Amino acid sequence: MKKLACASLVLALSFSAAEAAPCVYDMTPLPVTKGTVANITPTGVQLSDGTAVILPSEFLAHIHLNQKLAVRGLVAKATHTVQALALDGNPPICPSTPAIPRGAFPGSPGYDTIHP
């Protein structure tokens, strides 16, 4: 457990002030997902237990294989997928611009589209 916290701290310290910031929102209620990076994907990483973690693009440049990772985010009920909103730590580290996923909204091209 202590090693994972140290690895998260090292990862958090490798970000410049332009890439990471204190979180605007309280991330502590969000569940923590921990694991070892087994694969790097265009949108995030896959952990050794098969969990897909979608990361803010600002964090992707600092991720490498076999790295311990602890993130706070939204966990999908049906799949082993986590939408990471922050790196776990004390305090959590967030991207400089909030990575809040947004769906279609009135007036957007995808709003009136019906998806089967």
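## Exercises on a predicted model

Asp 88 is buried, at a relative accessible area of 17%. Keep in mind that this is a predicted model. Let's work through it piece by piece.

**Exercise 1.** Find the salt bridge partner of Asp 88 and say which parts of the chain the pair ties together.

*Solution.* Start with the count: the structure holds one salt bridge. Asp 88 makes it with Arg 72, and the closest N and O atoms are 2.8 Å apart. Last, check the burial of the partner. Arg 72 has 13% relative accessibility, and the cut-off for buried is under 20%, so Arg 72 counts as buried too.

**Exercise 2.** Work out which cysteines form a disulfide and what handedness the disulfide has.

*Solution.* There's one disulfide to look for. Cys 23 and Cys 94 form it, with their sulfur atoms 1.9 Å apart. The torsion about their S-S bond is about 95 degrees, so this disulfide is right-handed. Now trace where the ends sit: Cys 23 is in the loop between strand E1 (20-22) and E2, while Cys 94 is in strand E7 (residues 93-95). That's a link between distant parts of the chain, 71 residues apart. As for Cys 94, its relative accessible area is 6%, so it is buried.

**Exercise 3.** Describe the largest nonpolar core, then look for a second one.

*Solution.* Begin with the members: the largest core has 14 residues, and those touching the most other members are Val 45, Val 53, Leu 55, Ile 63, Leu 69, Val 71 and Leu 87. Then see who supplies them. Strand E3 (44-47), helix H2 (57-60), strand E5 (68-75) and strand E6 (81-87) give at least two residues each. E6 is the top contributor, with three residues. Finally, there's a separate second core of five residues, among them Met 27, Leu 30, Leu 85 and Cys 94. For background, nonpolar side chains in soluble globular proteins tend to be buried together.

**Exercise 4.** Is Thr 33 buried or exposed, and what does Thr 33 touch?

*Solution.* First, locate Thr 33: strand E2 (residues 32-40). Its relative accessible area is 15%, so Thr 33 is buried. Now list the contacts, leaving out residues up to four places away in sequence: Thr 33 touches Leu 47, Thr 51, Leu 69, Ala 70, Val 71, Val 75 and Val 82.

Terms used: Residues are numbered from 1 along each chain as its sequence is written. This is a predicted model: local features need pLDDT of at least 70, side-chain atom pairs count only at pLDDT 80 or more; totals for chains, interfaces and linings use all residues. Side-chain values use heavy atoms; hydrogens and water are left out. A nonpolar core is a set of buried Ala, Val, Leu, Ile, Met, Phe, Trp, Tyr and Cys residues joined through side-chain atoms within 4.5 Å. Buried means under 20% relative accessible area, exposed over 50%, partly exposed in between (1.4 Å probe, protein chains only). Helices (H or I, at least four residues) and strands (E, at least two) are DSSP runs, numbered from the N terminus. Contact means heavy atoms within 4.5 Å. A disulfide is a pair of cysteine sulfur atoms within 2.5 Å. A salt bridge is a side-chain nitrogen of Lys or Arg within 4 Å of a carboxyl oxygen of Asp or Glu.
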